[in-house]
Amino acid sequence: MAWQFPKMTRRTFLKSTSVSAVGATLYHPDWIRLAGPTHPDAADHFAHSICNYCSSFCSLRITVAEKKGKQRIMKLGGNPNSTLNGDKICARGQSGLRQVYSANRIKTPLIRVAGSKRGEMKFRSATWEEAWDYIAQKSKNIKPWEWTVYGGWSTCSFYVPHTIAFTSAIQCPNLITSPTQNCVFDGHLGTNSMIGNFVVHGENIEDYENSDYILSIIGNACIGGVSTCRAVRFSAGKEKGAKVVVLDPRASETAAKADEWYAIKPGTDLDFTLAMLREMMDNGWYDEDFLIRHSNMPFLVRKNQHNAWALYLSDKKEPAVIDAHSGQVVFLPAFSNHNLQSSAGASVTPLLHTPKGFQHDGEAMLTVFDAQHQELQPYTPEWAAANTGISADDIRKIAREFSTAKSPIVIPGWSGARYGNIQMLRRVQAMIQTLKGRLDVPGGWIFGGDYREQVRNMWAQKDNPKAPPLASLAGMPFVYWSANAAANPGTHDHGYPAWAAVHRDQTPKDSPDWAAFPFTTEVGLDSAIKGKLTWKGAPYLCKAILLNGTNPMRDAPEGFWQEAFTHPNMELVVVMDVMPADTVAYADVVLPELTYLERDEPAIYGNGVNPDNMLITRYQAIPPAYDNVILTDAFLKLTEVLTGSSEPYYQSVQDLMGIPAAPLKALTEEKRAKGIQNPFTMALRQMDFEAKAKGLGITPQKLDADLRKNGVYPVAKADELIANYGMPRKMALPTPSGRAEFYSNLYGQLREQFGLWDNPYFSVLATHIPADCRPGSKAPMADDEFYFTFGMVPVVSHCSPNNDFQPLVSISKFRGEIYTGLWVHSLRAGKLGLKEGDKVWVTNQLTQQKAEASVHVTRLVREDTVFLYSGYGDQNPALTHGYRMGTALNKITPDFIEPVSGGFRSQEFTVRLERA
Ligand SMILES: Nc1nc2c(c(=O)[nH]1)N[C@H]1C(S)=C(S)[C@@H](COP(=O)(O)OP(=O)(O)OC[C@H]3O[C@@H](n4cnc5c(=O)[nH]c(N)nc54)[C@H](O)[C@@H]3O)O[C@H]1N2
Ligand SMILES: Nc1nc2c(c(=O)[nH]1)N[C@H]1C(S)=C(S)[C@@H](COP(=O)(O)OP(=O)(O)OC[C@H]3O[C@@H](n4cnc5c(=O)[nH]c(N)nc54)[C@H](O)[C@@H]3O)O[C@H]1N2
Ligand code: SF4
Ligand SMILES: [Mo]
């Protein structure tokens, strides 16, 4: 690697005197209006914000009515000025105003009634002073490393830097985030290993509008079911005539819009893609020039002493290629966006294919291309047909049509966490896309405008040892940095690494709960709670947990979390939420956050997965209905409660984010003295406006005025960004080598670190990993046995309590069993004597976990498969509308994980149905 990831200890951060774009002299009075309407005189006016109901981050235009001095949100709509979603938003987005006005909303802090048990939902209202005091008392004997902080997806998108700064301030090494283990990380790690882009759901944005062939593999909500900002682009592509092909065991919303739907057997998408990759390589259906220039396909590999493929490297760890002109082996810079210049500075044209019988240094060597092609030989279309149920002819046809299209796109789906082989599937999907050179070009996979800017900034800062990590790292380098900080005992003064790292090192590698790279997952939490881990010769316990904006009682295996929350070693559970989600019921103290429609947030953001670079922020649409906090102010207060001073948080914000502590503190105090609510957040916001405005060469007032008026501030268009900073054509990808990595350095490093030379999960090249839903069994499926699949329902976000909002409840009830029931094919239902609406017990055949469901009889699902929409089944009676509607998916999903990043295998089993 040409450059080292920065050193990660907090001591190092503390030593660095961060220089920031924001200077102390810039401050002037409170120019950012704190509350109130955009046009105070108008009866109706617009406010602008960002939807908080899924990671599509759609831009909002909010209609606010004013009567007798009172303001009320009348309507949420899309912002026509945003090129992300335009004027469109989905039903969930529109019903978001119910969060503000729901009678079930949490209005004050809550403290669990003495003598009650966690889960009983017995709370009393408390003042903020009482709530902080309660936490202070209960946490007196809890050490910093005995805390765990758990942030949900919205936290992870908007508040990541602050969440990390907070854990650093309280010296807590343990962080869990919800879009990793139960959603994206295990899947996206596969994609990221090839293209280096880690960013929640933005690592690849499919440019549907300019595509002529769209192949969707194991996805639905990422388009049709629905991510509005992508759906609008998808329909534009369809309108222009793109052919759409969908692989899904049931007819999804996306399949309904497709030209061809293939009901693939669950868990076999990897088999399909391997055969497709083989077809493409066999037939020369690839962009040879791109592969030679910008991928590591021409690099030389040979079998090492473990009989595993490994790169042939110079003493300086530089990769080698065969130069077409000289026929000689030459070494290339370890890090670059291209392969056309040797380390010595000579121009090179690498060969993609190895000359017959090629040897170097007395060893047989192949190019990565040839080694991969060789490895794919067993995966013929006939082989894949037998596994997937899609005929060999159809596989060949799809491969051919994809390859001969002008701008083909693979939609890889978003959420992983279904099978152990999802990560390899995502790698192969990325390989198929990259083989055609369709990376960061119109009509291909392109990268987000904001994200691209972050990568550009990272490369600009890579030789600056003083660059604050959270303001200078992007993509996978950010992941490595934070994973290393967590695993490093030297990061905090107390010398404790994360329990996740201790668990990994104290658990045998063949244990079902071992993972090599458990980035912000719960893998090991169970051991920590139960006192199974040791550090410094004593048990390493987890005794307290702070959850924010996440609902693991519904979003992750139920049994696991119920046990965690009710274990006698768990001394304190603090939950920040807005609604009485099922997880809230397990809290000792509940801290209500202001809803997204009532808050000005601490920063200006990029416009999510918009390929254009636009700035956006959340403006308060109405004055807060209750005296609730914003997360950043809660972090400041909690730092004070847990460490005795708010100083460490200011310090971490300076060291990690580059926001100077002294002026931030002064501004916070100034706002506090004026009686401004959430003064720390408002100070951060003011400083961010000043910093961003300075970067744009305008005044903060102008930036504020424009954002208020238009809701977005356009910075640069996608075309221009791609032309100048396209990755990898113009700028290195954030992979270890800077190129698109068909040979994966990431898996190569993990394989070596843990000695897993012949484990297919750690293979440096694409290979087959079967999804094993019936381990050890070769017997045919029983009459009442099925593969189990699930997906997002269009009217619920994950398992969020927005399924309690009346408009959405009405739609769910109207749709009946289609939404809330278990899809069973009519022929199988007939054999089992089941009719629409009949109640059945669904039992997981590997764990015997059980849930009750009502049957939806349909022909739109494979005969051997059942399907369940996953957003229902709340168990908390405080959700008076959503309570017990439908089935809670996580009653039957196990906590089985894959061994690389610990992603859940939440479909890798079969179920049996029995009349209830
Ligand atoms: N059963 C099941 N499990 C799933 C999924 C599923 O569909 N079904 N989906 C998976 C996927 S793809 C993902 S990304 C994860 C997501 O899992 P989570 O990150 O847990 O997301 P949500 O289920 O949306 O829960 C968000 C919680 O935040 C609260 N909340 C909403 N707005 C705010 C706010 O402004 N402030 C605070 N403090 N809290 C707020 C909500 O009330 C809710 O309790 O779940 C995964 N697990
Ligand atoms: N309505 C709604 N939309 C959302 C969200 C939400 O909560 N609700 N959340 C957002 C988030 S955070 C995420 S991660 C994305 C998730 O977006 P996606 O990754 O698209 O996830 P799902 O909707 O769960 O779609 C899964 C589809 O795969 C199919 N499927 C299941 N098993 C298999 C299989 O083995 N092979 C194949 N080929 N198909 C299979 C299912 O039938 C379903 O149609 O959605 C985003 N959009
Ligand atoms: S797709 Fe719907 S829920 Fe998701 S951000 Fe957009 S409007 Fe909100
Ligand atoms: Mo997700």
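**Close-up views of a predicted model**

**View 1. The surroundings of ligand 2.** Ligand 2 is surrounded by 36 residues, of which the closest are Asn-220, Asp-248, Asp-269, Arg-418 and His-798; a residue is near a molecule if one of its heavy atoms lies within 4 Å of it. This is a predicted model, in which local features need pLDDT of at least 70, side-chain atom pairs count only at pLDDT 80 or more, and totals for chains, interfaces and linings use all residues. Residues are numbered from 1 along each chain as its sequence is written, chains are lettered from A and ligands numbered from 1 in the order in which they are written, and side-chain values use heavy atoms, with hydrogens and water left out.

**View 2. Polar contacts and cover of ligand 2.** A polar contact is a pair of N or O atoms within 3.5 Å; within protein, one must be able to donate a hydrogen and the other to accept it, and residues adjacent in sequence count only if both atoms are side-chain atoms. A polar backbone atom of Asn-220 lies 2.6 Å from an oxygen atom of ligand 2. For the side chain of Asp-248, an N or O atom is 2.7 Å from an oxygen atom of the ligand, and for Arg-250 a polar side-chain atom is 2.9 Å from an oxygen atom of ligand 2. On its own, ligand 2 has 910 Å² of accessible area, and the protein covers 99% of it; such areas come from the Shrake-Rupley method with a 1.4 Å probe, and for residues only the protein chains shown count as cover. Helix H9 (221-225) and strand E29 (785-791) are the elements that give two or more residues to the shell around ligand 2. Helices (H or I, at least four residues) and strands (E, at least two) are DSSP runs, numbered from the N terminus.

**View 3. The surroundings of ligand 1.** Around ligand 1 there are 28 residues, and the closest are Ser-178, Asp-555, Asp-577, Glu-593 and Ser-870. An N or O atom in the side chain of Ser-178 is 2.3 Å from an oxygen atom of ligand 1, while the corresponding value for Ser-870 is 2.6 Å. The protein buries 95% of the 930 Å² that ligand 1 exposes when taken alone. Helix H22 (552-555) and strand E24 (572-577) are the elements that contribute two or more residues to this shell.

**View 4. Thr-180 in helix H7.** Thr-180 belongs to helix H7 (residues 178-181). The residue is buried, with a relative accessible area of 4%; buried means under 20%, exposed over 50%, and partly exposed in between (1.4 Å probe, protein chains only). Apart from neighbours within four places in sequence, Thr-180 is in contact with Phe-185, Asp-186, Phe-519, Thr-520 and Thr-521, where contact means heavy atoms within 4.5 Å.

**View 5. Ile-722 in helix H29.** Helix H29 (residues 718-725) contains Ile-722, which counts as buried at 13% relative accessibility. The C-alpha atoms of Ile-722 and Phe-447 are separated by 8.5 Å, although the two residues are 275 residues apart along the chain.

**View 6. The enclosed helix H20.** Helix H20 (residues 499-506) is largely enclosed by the rest of the structure, because 6 of its 8 residues are buried. These buried residues are Trp-499, Ala-500, Ala-501, Val-502, His-503 and Arg-504. Among the elements against which they pack are strand E6 (147-151), helix H19 (475-487) and helix H30 (745-754).
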